[in-house]
Amino acid sequence: MSVSGHDLEKSAIIGHLEGFKTFLTQALNDAGVEDEIWIPCYRAFTDGRDVAEFYSRCAGKGMTVIIVRSDNYIFGGFTEKDWGRSLG
C-alpha cells in the first residue's frame with residue numbers, strides 16, 4: 001500500500017488540483033513513504049498564522065508534508081522527523 005491522491009483531497013491548497021496531487025503522491029511513494037494516512041494538523045487560514053499554534057497542533061504527529069500557497073505560487077516540503085514538543 002502507498003500514499004494515495006485521495007488522502008490529499010483534504011488539502012485546501014491542492015485538494016482540487018489533480019496534477020499537484022499526482023506529483024506529490026508519486027514523490028512520496030518514490031521516497032518510500034508507505035501505509036500513511038495524511039490528516040491536516042494545521043491550516044494558517046483557520047488556525048492563525050502563529051508558529052506556536054503550528055507546533056501545538058503538529059508536534060508529535062510524525063512525518064509531515066507542508067504545502068504553502070503564496071500569491072500564485074505553491075511550494076512545500078516533507079520531513080520524516082517529528083517536529084518535537086517545543087520551539088527550542
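**Aromatic pairs**

The structure, a predicted model, holds four aromatic pairs.

Me: Are the rings of Y42 and F54 stacked or edge-to-face?
Reply: A pair of aromatic rings is described by the distance of the centres and the angle of the planes. For Y42 and F54 the centres lie 5.4 Å apart and the planes stand at 85°. Planes over 60 degrees apart count as edge-to-face. The 85° is therefore the deciding value, and the pair of Y42 and F54 is edge-to-face.

Me: How many residues apart in sequence are the parts that the pair of Y42 and F54 ties together?
Reply: Y42 lies in the loop between α1 (18-30) and α2 (44-47). F54 belongs to helix α3, residues 51-58. The pair therefore ties together parts whose separation in sequence is 12 residues.

Me: Is F54 buried or exposed?
Reply: Buried means under 20% relative accessible area. F54 has a relative accessibility of 13%, so F54 counts as buried.

Me: What is the geometry of the pair of F54 and Y55?
Reply: The ring centres of F54 and Y55 are 5.7 Å apart. Both residues are buried. Their planes stand at 90°, so the pair is edge-to-face.

Me: Which residues form one aromatic cluster?
Reply: F54 lies in helix α3. Leaving out residues up to four places away in sequence, F54 touches Y42, A59, I66 and W83. The aromatic cluster is made of Y42, F54, Y55 and W83.

Me: How far apart in space are F54 and R43, C-alpha to C-alpha?
Reply: In sequence, F54 and R43 are 11 residues apart. In space, their C-alpha to C-alpha distance is 8.3 Å.

Me: How many residues apart in sequence are the parts tied together by C41 and C58?
Reply: The link of C41 and C58 is right-handed, with 95° about the S-S bond. C41 lies in the loop between α1 and α2, and C58 in helix α3, so the pair ties together parts at a sequence separation of 17 residues.

Me: What is the relative accessible area of C58?
Reply: C41 counts as partly exposed at 22% relative accessibility. C58 is buried, and its relative accessible area is 1%.

Me: Is K21 buried or exposed?
Reply: K21 has its place in helix α1. The side chain of K21 makes a polar contact with the side chain of E18 at 2.9 Å. With a relative accessible area of 1%, against a cut-off of under 20%, K21 is therefore buried.

Me: Which backbone oxygen does the side chain of T25 reach?
Reply: T25 is also found in helix α1. At 11% relative accessibility, T25 counts as buried. Its side chain reaches, at 2.7 Å, the backbone oxygen of K21.

Me: How far apart in space are K21 and L8, C-alpha to C-alpha?
Reply: Aside from neighbours within four places in sequence, L8 is in contact with G15, K21, L24 and T25. K21 and L8 are 13 residues apart in sequence. Their C-alpha to C-alpha distance is 6.6 Å.

Me: Which residues make up the largest nonpolar core?
Reply: This core has seven residues in all. The members are L8, I13, I14, L24, L28, V33 and W38.

**The loop at D71 and the whole chain**

Me: What is the phi of D71 near?
Reply: Most residues other than glycine have a negative phi. D71 is found in the loop between β1 (64-70) and β2 (73-79), and D71 is exposed at 69% relative accessible area. Its phi is positive, in a residue other than glycine, and near 55°.

Me: In which order do the elements of the protein chain run from the N terminus on?
Reply: The secondary structure comes to three helices and two strands. From the N terminus on, the order is α-α-α-β-β.

How values were computed:
Residues numbered from 1 in each chain as written. Predicted model: local features only at pLDDT ≥ 70, side-chain atom pairs only at ≥ 80, totals over all residues. Heavy atoms only, no water. Phe/Tyr/Trp six-rings, centres within 6.5 Å; stacked < 30°, edge-to-face > 60°. Helix = DSSP H or I, 4+ residues; strand = E, 2+ residues; numbered from the N terminus. Buried < 20%, exposed > 50% of the residue type's maximum accessible area, 1.4 Å probe, protein only. Polar contact = N/O pair within 3.5 Å; in protein donor to acceptor, adjacent residues only side chain to side chain. Disulfide = S-S within 2.5 Å. Core = buried A, V, L, I, M, F, W, Y, C linked by side-chain atoms within 4.5 Å. Contact = heavy atoms within 4.5 Å.
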